[in-house]
Amino acid sequence: MNKFIALSILCIAFFSSCSNNAFEKEDSNGLESSTPILLQSAPFDSRAGISVQNTQFERNEKINVYIFEKLGIGEVASTIYNNPIEYYTTNLSGAMAPTRTIYPYYPSNGRNVNMYAVYPNGVLSTTTSFTVQEDQTLKAYYKASDLMYASANDVERSANIIPLSFNHLMTKVIVELSVPTGKDANILNGAIVKLKNVMRTVEVDVPNGTLGSVSNSGDVLLTNDGSEPSAAIIVPQTIQAGHFLEIRLENGDILNYNLPQSLTFSSGKKNIFGISINETVISAKFSVVAWDDQEPIETTLSLDD
């Protein structure tokens with residue numbers, strides 16, 4: 001009887017040891033088979049000179065993330081992710097966490113993953129078009145117009161945080177009003193700037209982060225008053241010569257600026273119009289820089305009527 005008990009105890013210990021080793025199995029990199037996917041939005045410049053998401057997402061911004069197990073020919077996914085996985089930004093340094101606090105995990109079979117992310121979170125993988133807001137005077141409407149996309153492919157299982165570098169798919173227009181030296185700059189206080197006859201809608205392929213044709217001509221109201229740089233986000237497009245800016249001064253005067261030539265507004269660019277107002281005469285200079293301000297000025301044109 002004693003020998004039988006001793007043998008039984010030995011068997012229980014052996015199988016218990018095997019079970020624990022299987023549960024705590026590590027791969028060749030020393031990582032546990034259950035490794036969460038940790039994400040962070042990489043720095044970007046969303047609105048240089050105007051303090052909304054200047055170098056990073058604001059806190060509590062929601063982002064849709066799509067994750068897929070990377071497959072070879074004929075392979076079947078072992079892990080199906082509940083896409084989109086909604087993340088939110090937890091601070092101003094790009095930290096991200098799932099809104100439901102349940103992190104996705106790398107496939108337990110060791111396969112890599114592909115992923116992409118899109119902001120704002122109202123945009124889904126099935127979205128076929130995107131429209132910028134007509135009135136961007138409110139911060140929420142401005143941000144709702146700032147379509148951004150990031151992707152990371154062939155990501156290996158790692159305990160490290162994976163950076164998602166977001167690109168601006170739209171284009172930004174900044175209008176800087178001024179008066180000639182010696183003139184009263186107070187006339188710009190309360191000025192309202194509007195873009196006229198611009199396309200507001202663009203076809204979008206969300207999984208690939210690409211844009212198509214544009215439509216839906218209309219007006220867009222810029223942020224701030226004319227005493228500060230005003231900004232608006234529009235879809236990339238070529239705007240023909242003609243009525244482009246309407247500047248409504250607080251005293252009731254309305255000044256119109258006409259483009260003397262067609263201009264192309266490209267994705268990820270910042271288009272700066274320096275508008276000098278001298279009574280009823282308007283002169284303009286135009287320059288194009290990268291949205292993140294890291295590229296040198298590409299174009300500087302005098303666009304006087």
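Predicted model: local features only at pLDDT ≥ 70, side-chain atom pairs only at ≥ 80, totals over all residues.

Trainee: Understood. Which residues of the largest nonpolar core touch the most other members?

Mentor: They are Val175, Leu177, Leu195, Phe244, Phe273 and Ile275, in a core of 30 residues. Several strands each supply at least two residues of this core, among them β10 (171-178), β13 (230-234), β15 (242-248) and β18 (269-278).

Trainee: Where does the largest share of this core come from?

Mentor: It comes from β19, which gives 4 residues.

Trainee: And what is Val175 in contact with, leaving aside its neighbours within four places in sequence?

Mentor: Val175 is in contact with Val193, Leu222, Glu228, Pro229, Ser230, Leu245, Phe273 and Ile275.

Trainee: Now the rings. How many aromatic pairs are found in the whole structure?

Mentor: The search finds 10 aromatic pairs. One of them joins Phe265 and Phe273.

Trainee: Why is that pair called stacked?

Mentor: The ring planes of Phe265 and Phe273 are at 25°, and planes under 30 degrees apart count as stacked. The centres of the two rings are 6.3 Å apart.

Trainee: Is Phe265 buried or exposed?

Mentor: Phe265 is buried, because its relative accessibility is 1% and the cut-off for buried is under 20%. Phe273 is buried as well, with a relative accessible area of 0%. Elsewhere, ring pairs link Tyr66, Phe68, Tyr116 and Tyr149 into a cluster.

Trainee: Let us change topic. What is the volume of the largest cavity?

Mentor: The largest cavity has a volume of about 40 Å³, and the structure holds 1 cavity of 30 Å³ or more. Its lining includes Val118, Leu147, Met148, Tyr149 and Asp205. The strands β7 (148-155) and β11 (192-205) each supply at least two residues of the cavity lining.

Trainee: How does the lining of the largest cavity divide by residue type?

Mentor: It has 8 nonpolar residues, 1 polar and 1 charged.

Trainee: And what of the largest pocket?

Mentor: The largest pocket has a volume of about 300 Å³. Of its 13 lining residues, Asn82, Pro84, Ile85, Arg100 and Ile102 are the closest to the centre. The pocket lining consists of 9 nonpolar, 2 polar and 2 charged residues.

How values were computed:
Residues numbered from 1 in each chain as written. Heavy atoms only, no water. 1 Å grid on protein atoms, 1.4 Å probe; cavity = no way out; pocket = protein on both sides within 12 Å on 5 of 7 lines; lining within 4 Å. Points joined across faces, edges and corners; volume = space filled by probe spheres on them. Nonpolar A, V, L, I, M, F, W, Y, C, P; charged D, E, K, R; others polar. Core = buried A, V, L, I, M, F, W, Y, C linked by side-chain atoms within 4.5 Å. Buried < 20%, exposed > 50% of the residue type's maximum accessible area, 1.4 Å probe, protein only. Contact = heavy atoms within 4.5 Å. Phe/Tyr/Trp six-rings, centres within 6.5 Å; stacked < 30°, edge-to-face > 60°.
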